[in-house]
Amino acid sequence: MAKILLVSHYARSLINFRGEMIKAFAELGHEVTALGPEKGFAGELKKLGADYREIPLDRTGLNPLKDMVTFFALVRIMRKLKPDIVFSYAIKPVIYGSLAALVAGVPWVYSMITGLGFVFVEKERKNFLQRF
């Protein structure tokens, strides 16, 4: 069976929105590992059939140095786990997860963009990306 790696921007969404998918993959005999930026979700994901690992990801930040830390952490995890499939959703996991999968040699990469992203919905201040 396949090794499947899910990359998330928010660990709670793994349970709320991807829980049934995780459960189905596990029931089919696939080895599922889920990644997210928060602590405390390993138990809930284990019940669904997935291992959980925390990753350094700032989902609302625009600091390129922090994003590089995320990218290299994903490469390191993917090289270690050697997944057959990477499924990422939300903008940062899609960008950095897809690039990391390419560098790590993951054969199958699936991505799904959900929503506009924090940079486009922040109304308090117009930043460079919004103006651009």
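Predicted model: local features only at pLDDT ≥ 70, side-chain atom pairs only at ≥ 80, totals over all residues.

Colleague: Where is the place of His-9?

Modeller: His-9 sits in the loop between E1 and H1. Helices (H or I, at least four residues) and strands (E, at least two) are DSSP runs, numbered from the N terminus.

Colleague: What does His-9 touch?

Modeller: Leaving out residues up to four places away in sequence, His-9 touches Pro-37, Glu-38, Leu-57, Arg-59, Tyr-89, Ala-90 and Pro-93. Contact here means heavy atoms within 4.5 Å.

Colleague: OK, strands now. Why is E2 largely enclosed?

Modeller: Five of the six residues of strand E2 (residues 31–36) are buried, so the rest of the structure largely encloses E2.

Colleague: Which way do E1 and E2 run, parallel or antiparallel?

Modeller: Parallel: strand E1 (residues 3–7) is joined to E2 by five bridges. Two strands pair if DSSP finds at least two bridges between them. Leu-5 is opposite Thr-33 in E2.

Colleague: How many bridges between E2 and E3?

Modeller: Five, and E2 pairs with strand E3 (residues 50–54) in the parallel sense. One of the partners is Glu-54 in E3, which bridges to Gly-36.

Colleague: What do E2, H3 and E3 make together?

Modeller: A right-handed β-α-β unit, with helix H3 covering residues 42–48. Right-handed means that, with the strands pointing away from the viewer, the path from the first strand over the helix to the second runs clockwise.

Colleague: Switching to charges: how many salt bridges does a search of the whole structure find?

Modeller: Five. A salt bridge is a side-chain nitrogen of Lys or Arg within 4 Å of a carboxyl oxygen of Asp or Glu.

Colleague: Which residue does Arg-12 form one with?

Modeller: Glu-44, with the closest N and O atoms 3.0 Å apart. Arg-12 lies in helix H1 (residues 11–16) and Glu-44 in helix H3, so the pair ties together parts 32 residues apart in sequence. Arg-12 is partly exposed at 25% relative accessibility, and Glu-44 is partly exposed at 31%.

Colleague: What does Lys-39 meet in a salt bridge?

Modeller: The side chain of Glu-54, at 3.0 Å, N to O. That pair links distant parts of the chain, with Lys-39 in the loop between E2 and H3 and Glu-54 in strand E3, 15 residues apart. Lys-39 is exposed at 67% relative accessible area, whereas Glu-54 is partly exposed at 39%.

Notes:
Residues numbered from 1 in each chain as written. Heavy atoms only, no water. Buried < 20%, exposed > 50% of the residue type's maximum accessible area, 1.4 Å probe, protein only.
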